[in-house]
Amino acid sequence: MTQSYLDMPDAKRRIKAIFVGSMGNLVEWYDFYAYTAFALYFAPAFFPSHDPVVQQLNAATLFAAGFIVRPLGGWLFGHLADRHGRRLSLMVSVGMMCVGSLIIAVTPTYASIGLAAPALLALARVIEGLSLGGEYGASATYLTEIADPDHRGFYSSFQYVTLIGGQLCAILVLLLLQNVFLTHEQLVQWGWRIPFVIGAMLAVITALMRRDMPETDSYKEASKRKPQTSSLRGLLRYPREVAIVVGLTAGGTAAFYTFTTYMQTFVRQTSGFSDIVTTYVIAASLIFALILQPLYGALSDKIGRKPLLVFFGIAGAALTVPILMTLSHTKSPFIAFLLICAAWVFTAGYTSINAVVKAELFPTNIRATGVAVPYAITVSIFGGTAPAIALWFKQQGHEEWFYYYLAGVIFISLLVYATMRDTKHQSAMHKHD
């Protein structure tokens, strides 16, 4: 390690920048996940139906719609980050998330304005999807570039610490509203709007905080060199790296959205727990998942990125079906908690380091776009659709088919993990064009 990395002011600068970047990520993901956490309460207001599964399927379909536009957001904000700076891209993305949350907070119900209600909800999800599509690539790039070379895995893992933390915050808000402030009837009638108001306010605060974020040294160096092509055309120069991002993301994102967003519905409707018990189980499992992220990230700085990815691929392909099968039949909240935690033991092998692995694949001038666009496309196909696919199988009476689908997607990613290079040892972080 060079002397500069041991310099205390420099270390404080990095830590502060990582904190601000991570907090912005937390707020964005809180806003996005509040939709899932409160879907059980607001779905009847936007999708009237006598079948709760149909209501949740409609809500999950709109959840997936937010992912469809993420590739566009990844390109827009990736281009902004690569051409005009990581900081500007991160400020604009969190501002858009504020707008999306406000729309959801104030939209009237189906009973008041008819089909315009779900249409406005869809518009809000599109805005949030664009924002999130840009946030991932810009924040992954920023956290990786601002960290010192010996601790990139550890520092970049805080992207998923805050990503999971955002969902955890949404769950905690739900717990407080369920147990302290509101009755079930009040939550259904109007209380579900509160978390979106909170999210919009936090987004404004975060945008103000991000104004003072330092730009990364890598971007400053790369910006001295005039770009020769557009961001997408430049990305075509790296087909192998793009293919690796798609391959390593597919199984990981499907697992992540299964054991986060879909678990809220799965534990409630399939395992049969009450709303409050479901919330406790999910919240506790997310705390466990959050703790794993920096531990695995630090481990990757010691042993490399590839061993953790291979571990996720092997364990995920082998254990996903038995875990979900057992979880679907358990009547014990504690056993349900242990089973979800068991899934996180291997899923964290992907989540903790996927950001740094992608960033280490691309040179600086194309890094944000290279991370964001292929990732967003893959998440749109395999991640955002996971809850909708699972609920569709459930509606058809074959819920267990989803378990095999998930295991199969993870196995496909395992083939990529086994053949790709270890980016810790063969990184492009030092390349600027």
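Buried means under 20% relative accessible area. I wrote that down before looking at helix 3, residues 39-46, which is mostly covered: six of its eight residues are buried. I also noted that this is a predicted model.

**Entry 1: helix 3**

I looked up which residues of helix 3 are buried, and they are Ala 39, Tyr 41, Phe 42, Ala 43, Ala 45 and Phe 46.

What does Phe 46 touch, leaving out residues up to four places away in sequence? I found Thr 107, Pro 108, Tyr 110, Ala 117, Pro 118, Leu 121 and Trp 192.

**Entry 2: the whole chain**

I then stepped back to the chain. It has 22 helices and zero strands. Of its 433 residues, 61% are buried. I looked up the contacts with a separation of 6 or more, and residues 24 or more positions apart account for 87% of them. The accessible surface comes to about 16000 Å², and 69% of that belongs to carbon and sulfur atoms.

**Entry 3: the nonpolar cores**

Which members of the largest nonpolar core touch the most other members? They are Phe 38, Phe 42 and Met 263, in a core of 103 residues. Helix 15 gives the largest share of this core, with 13 residues. Another core lies apart from it, with 13 residues, including Leu 90 and Ile 146.

I followed Phe 38 further. Leaving out residues up to four places away in sequence, Phe 38 touches Ala 170, Val 173, Leu 174, Leu 177, Leu 187, Trp 192 and Pro 195.

I took Ala 170 from that list and found it in helix 10. Its relative accessible area is 0%, so Ala 170 is buried. Ala 170 and Phe 38 are 132 residues apart in sequence, and I read 8.5 Å from C-alpha to C-alpha. With residues up to four places away left out, Ala 170 touches Tyr 30, Tyr 33, Ala 34, Ala 37 and Phe 38.

I looked at another alanine, Ala 283, which is in helix 16. Ala 283 counts as buried because its relative accessibility is 6%. Not counting residues up to four places away in sequence, Ala 283 touches Leu 168, Ile 171 and Leu 175. Ala 283 and Leu 175 are 108 residues apart along the chain, and their C-alpha atoms are separated by 9.0 Å.

Next I checked a loop residue. Ser 157 sits in the loop between helix 9 (152-156) and helix 10 (158-181). Is Ser 157 buried or exposed? Its relative accessibility is 0%, so Ser 157 counts as buried. I listed what Ser 157 touches, again without residues up to four places away: Gln 293, Pro 294, Gly 297 and Ser 352.

**Entry 4: aromatic pairs**

A pair of aromatic rings is described by the distance of the centres and the angle of the planes. I counted 16 aromatic pairs in the structure. For Phe 266 and Tyr 403 the ring centres are 6.3 Å apart and the planes stand at 70 degrees; over 60 counts as edge-to-face, so this pair is edge-to-face. The pair links distant parts of the chain, with Phe 266 in helix 15 and Tyr 403 in helix 22, 137 residues apart.

I checked the cover on both. Phe 266 has 1% relative accessibility, so it counts as buried. Tyr 403 has 2%, so it counts as buried too. I also noted a cluster in which ring pairs link Tyr 262, Phe 266, Phe 402, Tyr 403 and Tyr 405.

**Entry 5: helix 17**

Helix 17, residues 306-329, was the last item. I read a reach of 34 Å from the first C-alpha to the last for its 24 residues, close to the 34 Å expected at 1.5 Å a residue. Where is the kink in helix 17? It lies at Leu 319, shortly before the proline Pro 322, and is about 45 degrees.

Among the buried residues of this helix I noted Leu 308, Phe 312, Gly 316, Ile 323 and Leu 327. The buried residues of helix 17 pack against helix 15, helix 16, helix 18, helix 19 and helix 22.

Conventions:
Residues numbered from 1 in each chain as written. Predicted model: local features only at pLDDT ≥ 70, side-chain atom pairs only at ≥ 80, totals over all residues. Heavy atoms only, no water. Helix = DSSP H or I, 4+ residues; strand = E, 2+ residues; numbered from the N terminus. Expected span 1.5 Å × (residues − 1). Bend = angle between axes of the 7 residues up to and from the residue. Buried < 20%, exposed > 50% of the residue type's maximum accessible area, 1.4 Å probe, protein only. Contact = heavy atoms within 4.5 Å. Core = buried A, V, L, I, M, F, W, Y, C linked by side-chain atoms within 4.5 Å. Phe/Tyr/Trp six-rings, centres within 6.5 Å; stacked < 30°, edge-to-face > 60°. Areas by Shrake-Rupley, 256 points an atom, 1.4 Å probe, with all protein chains shown as cover.
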